[in-house]
Amino acid sequence: MPASIITVFNQSGGVGKTTVSQNVGYHLAQLKTKVLVVDIDPQSSLTAFMGLEPMDLGKTVYNAVVHKEEPAIKHDIYGVDLLPANINLSRAEMELAGVIMRDLRLKQVLDKVRNNYDVILIDCPPSLGILSIMSLVAATHVIVPIQTEFKALKGTEMLLNTIMEVINAANPDLKIAGIIPTMYDNRLSQAGKSLEAIQQLAQLAKILPIIPRATDFANASQDRLPLAVYNSKHPAVKVLHDIAQILKGNVL
Ligand SMILES: Nc1ncnc2c1ncn2[C@@H]1O[C@H](COP(=O)(O)OP(=O)(O)OP(=O)(O)O)[C@@H](O)[C@H]1O
Ligand SMILES: [Mg+2]
């Protein structure tokens, strides 16, 4: 079976996309699935969180997407493979302007390696530009992290419209695999309210387990480790494991 391709998408910045990609990828690998994570963000946070120095990389996802080179995959970082990015990727949008069928470029890259994996997770940039659209076109599933704060649902309509447009125009089989409320802090009254608002979206998509706000997430990424490796006893580790298990059941 070719891999399921899950894109982690939200055009809002700092909602936890990269943290979800890294940690859910790690737990899926722990569940004995073969996992590739793809960094399609020129900020290259995922590449850095996984311990690589983006600027030191000769070849990245940019070479594969823009110049159709073989994808330069790094193998077995805590059990997970990575197709890394660096700032070169910021040129992709300009260089692909006017290129025919450019929305298919990431799908074409992943088709080459899809048989080697059970699941491919794509970490999107915080924008609705070509890189995010390419990811939605390549994907079989999308998961949407939403931050539980007062502006949680701002932009959600635009986000869902974008997903619907891609489904209608280019990828009719794309499924919303779930919404993940992130950075939940039960000491904040607004967090409770925004969680209720997010739960209203349950008719559109499954609401996956809630990721709590915890400073150890930032500490773990600074140490370039999955949370489970940084602090295996942290309560959020079980949440991440549960999300991976649900995705494995529903998506693979
Ligand atoms: N549950 C959490 N609790 C506390 N901090 C978190 C949590 N999840 C992520 N963070 C931290 O918040 C910051 C933003 O997270 P992350 O990079 O995953 O978001 P993002 O949506 O990928 O951002 P961008 O839109 O810039 O790509 C990071 O410093 C990360 O370590
Ligand atoms: Mg990110």
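View 1. Helices (H or I, at least four residues) and strands (E, at least two) are DSSP runs numbered from the N terminus. The model is predicted: local features need pLDDT of at least 70 and side-chain atom pairs count only at pLDDT 80 or more, whereas totals for chains, interfaces and linings use all residues. Residues are numbered from 1 along each chain as its sequence is written, and chains are lettered from A and ligands numbered from 1 in the order in which they are written. The buried residues of H11 are Ala 236, Val 237, Val 239, Leu 240, Ile 243, Ala 244 and Leu 247. Seen down the helix axis, these buried residues fall within an arc of 165° (taken from the directions from the axis to the C-beta atoms), so they line one face of H11. They pack against strand S1 (4-8), H1, strand S7 (175-182) and helix H10 (227-230), a contact being two C-beta atoms, placed from the backbone, within 7 Å.

**View 2. Helix H9 and the residue that follows.** Phe 217, Ala 220 and Ser 221 are the buried residues of H9. They cover an arc of only 95° around the axis, which puts them on the same side of H9. Thr 215, Ala 218 and Gln 222 are exposed on the other side. The cover over the buried residues of H9 includes H1, helix H2 (45-49) and H10. Arg 224, which follows H9, has a positive phi near 65°.

**View 3. The surroundings of ligand 1.** The shell around ligand 1 holds 19 residues, and the closest are Gly 13, Lys 17, Thr 18, Thr 19 and Pro 126; a residue belongs to it if its C-beta atom, placed from the backbone, lies within 6 Å. Helix H1 (17-30) and helix H9 (215-222) are the elements that give two or more residues to this shell.

**View 4. Glu 149 in its loop.** Glu 149 is found in the loop between strand S6 (141-147) and helix H7 (156-169). With 19 other C-beta atoms within 10 Å, Glu 149 is partly exposed. Leaving aside neighbours within four places in sequence, Glu 149 is in contact with Gln 190, Ala 191 and Ser 194. Glu 149 and Thr 19 are 130 residues apart in sequence and 17 Å apart in space, C-alpha to C-alpha.

Technical notes. Buried ≥ 20, exposed ≤ 12 C-beta atoms within 10 Å, placed from the backbone.
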